[in-house]
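Have a look at the structure first, then read on.

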Amino acid sequence: MAHTDHLYKLIELTGTSSNSIEEAVNNAFARASKTVRNMRWFEVVETRGAIEDGKVAQWQVTIKVGFTMDD
């Protein structure tokens, strides 16, 4: 029976967006995908925002991303 064990490396990224938390996460992935391969999962570890004139002006989301190492 074949069994594959995975080794994951973790990095922490912070994405921003003026529209939404989801877009902030996707912006972080979009930039990271230019240099990081094999991203498999993420965990949101912190959510912040900036306020201007009594309204949310920007979302900032910090995520931990797990990716598999190349053989």
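Start with Tyr8: its relative accessible area is 38%, so it is partly exposed (buried means under 20%, exposed over 50%, and partly exposed in between, with a 1.4 Å probe and protein chains only). A quick note before we go on: this is a predicted model, where local features need pLDDT of at least 70, side-chain atom pairs count only at pLDDT 80 or more, and totals for chains, interfaces and linings use all residues. Residues are numbered from 1 along each chain as its sequence is written, and side-chain values use heavy atoms, with hydrogens and water left out.

Now for the rings. A pair of aromatic rings is described by the distance of the centres and the angle of the planes. Searching the whole structure turns up two aromatic pairs (rings of Phe, Tyr and Trp, the last by its six-membered ring, with centres within 6.5 Å; planes under 30 degrees apart are stacked, over 60 edge-to-face, the rest tilted). Tyr8 and Trp41 have ring centres 6.4 Å apart and planes at 70 degrees, so they pair edge-to-face. This pair links distant parts of the chain, 33 residues apart: Tyr8 sits in strand 1 and Trp41 in strand 2 (residues 39-52). Strands here are DSSP runs of E, at least two residues, and helices are runs of H or I, at least four, numbered from the N terminus. Trp41 is partly exposed, at 35%.

The other pair is Phe29 with Phe42: centres 5.1 Å apart, planes at 75 degrees, so edge-to-face. Phe29 belongs to helix 1 (residues 21-32) and Phe42 to strand 2. Phe42 is partly exposed, with a relative accessible area of 42%.
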